[in-house]
Amino acid sequence: MNAPAPKVSFVSLGCPKALVDSERIITRLRAEGYELTKTHAGADLVIVNTCGFLDSAKAESLDAIGKGMSENGKVIVTGCMGAEPEQIREAYPGVAAITGPQAYESVMKAVHEVAPPKHDPFLDLVPEQGVKLTPRHYAYLKISEGCNNRCTFCIIPKLRGDLVSRPLADVMREAEKLVAAGVREILVISQDTSAYGVDVKYAPSLWRDVEYRTKFLDLAKALSTLGVWVRMHYVYPYPHVDEVIPLMAEASESGGRILPYLDIPFQHASPNVLKSMRRPAHQEKTLQRIQKWREICPDLAVRSTFIVGFPGETEEDFTQLTDFLTEAKLERVGCFKYEPVRGATANDLGLDMVPDAIKAQRYDRFMRHQQPISAKLLQRRVGKRIKVIIDAPGPTVSKGRSEWDAPEIDGAVYVASKRPLRAGDIVTVKIERADAYDLHGIAV
Ligand code: SF4
């Protein structure tokens with residue numbers, strides 16, 4: 001009789017990029033016959049995939065490690081925080097192993113030491129597309145690792161190194177498998193999606209007998225042939241982004257493929273702050289660019305994130321930011337209060353730190369300023385028929401998202417329907433009302 005399979009309790013923290021790493025590790029574990037369990041107690045080991053970007057994320061990671069130690073005792077730590085093992089060892093000297101981000105081989109080596117695999121793994125336990133932590137109908141597709149930029153508030157390049165792009169054909173093969181496994185929406189992620197291929201000088205890559213360049217535009221063209229929704233995240237407004245907008249305009253008419261959605265982390269609008277942040281492409285005339293994109297693709301939704309309270313940010317800088325929000329009319333906006341991440345260059349620029357009370361006040365003012373802008377933009381959808389992908393079916397009302405909403409970060413569409421809907425269904429919905437963040441309508 002076979003020995004029971006070793007059980008692994010897996011905790012995945014952090015951003016979508018970390019989630020992709022978790023999925024890869026879990027796929028490997030399942031391929032080697034490990035079983036996943038939801039509780040630490042009774043597991044043969046616990047793996048914690050950490051996030052080390054902000055101090056609050058580090059605290060969350062340390063908490064998760066502590067929980068693993070107290071409830072189980074055999075803990076392997078991986079992910080961004082694993083790049084700073086001293087902090088972890090200091091708090092929990094007994095952790096079994098610590099590895100950094102994307103260190104799949106080291107994680108598996110540590111797993112083999114702590115809980116050796118079953119002698120006869122059932123390789124066919126792994127579905128063709130790998131094991132996914134996201135619901136079956138959408139999946140993240142990571143196109144590169146690392147980043148060539150050096151934004152002064154960010155330690156990701158230190159943790160993850162310079163940009164390394166995956167060959168286009170490799171990315172497309174993964175995308176094809178996801179679609180074959182039932183995925184209806186692909187979310188393209190990386191640290192800097194529009195820089196895709198810069199490191200390999202846009203090397204040609206053959207997919208389905210067609211030669212593509214390893215480049216943002218070519219990737220968008222290739223993905224648009226798969227007949228699913230494709231959403232672009234972490235796009236910087238480099239000039240060549242303009243070339244992709246016409247593809248999005250087609251999408252908005254046909255109801256599919258490259259979604260009219262751009263997630264661009266602008267981070268600020270004041271030239272002084274952007275300069276101190278050393279943001280890529282900050283010299284671009286952003287408002288004019290957004291306006292031009294909307295002329296080409298009127299249905300485009302722009303989502304962005306901003307940081308308030310960056311060192312040296314004055315009241316005038318902050319006013320420039322809220323003025324920008326008024327002008328730019330961005331559909332979806334997120335805001336963070338600056339945190340002096342250990343190791344970030346921003347802490348050594350000799351700029352005045354903004355007191356916490358002012359950061360909090362600017363955060364509130366920022367949110368209050370943006371809310372009516374987003375709400376007004378949402379009202380435009382009332383009375384329209386739009387496509388909605390269903391995330392969570394319900395007996396009478398299901399929860400879904402429009403083409404302009406990414407999972408987890410944007411709003412929702414609540415869909416009343418007489419016929420049963422399934423997760424991943426893309427339905428036409430007549431929008432009846434909008435509140436501050438969400439839409440409500442009826443399936444037609
Ligand atoms: S673009 Fe800037 S913020 Fe984003 S990962 Fe690179 S350095 Fe960090």
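A residue is termed buried when its relative accessible area is under 20%, exposed when over 50% and partly exposed in between (1.4 Å probe, protein chains only). By this criterion, 55% of the 444 residues of the protein chain count as buried. Residues are numbered from 1 along each chain as its sequence is written, and side-chain values use heavy atoms, with hydrogens and water left out.

The mean pLDDT of the protein chain is 88, with 93% of its residues reaching 70 or more. Over residues 119-127, however, pLDDT stays under 50. Where pLDDT is low, the predicted coordinates should not be read in detail.

Along the principal axes, the C-alpha trace spans about 65 × 60 × 45 Å. Contacts (heavy atoms within 4.5 Å) with a separation of 6 or more are formed to 75% by residues 24 or more positions apart.

Val 302 is buried, with a relative accessible area of 1%. Not counting residues up to four places away in sequence, Val 302 touches Leu 262, Ile 264, Phe 266, Arg 294, Leu 330, Glu 331 and Arg 332. Leu 54, 248 residues from Val 302 in sequence, is 25 Å from Val 302 in space, C-alpha to C-alpha.

Definitions and conventions
This is a predicted model: local features need pLDDT of at least 70, side-chain atom pairs count only at pLDDT 80 or more; totals for chains, interfaces and linings use all residues. pLDDT is the predictor's confidence in each residue, from 0 to 100.
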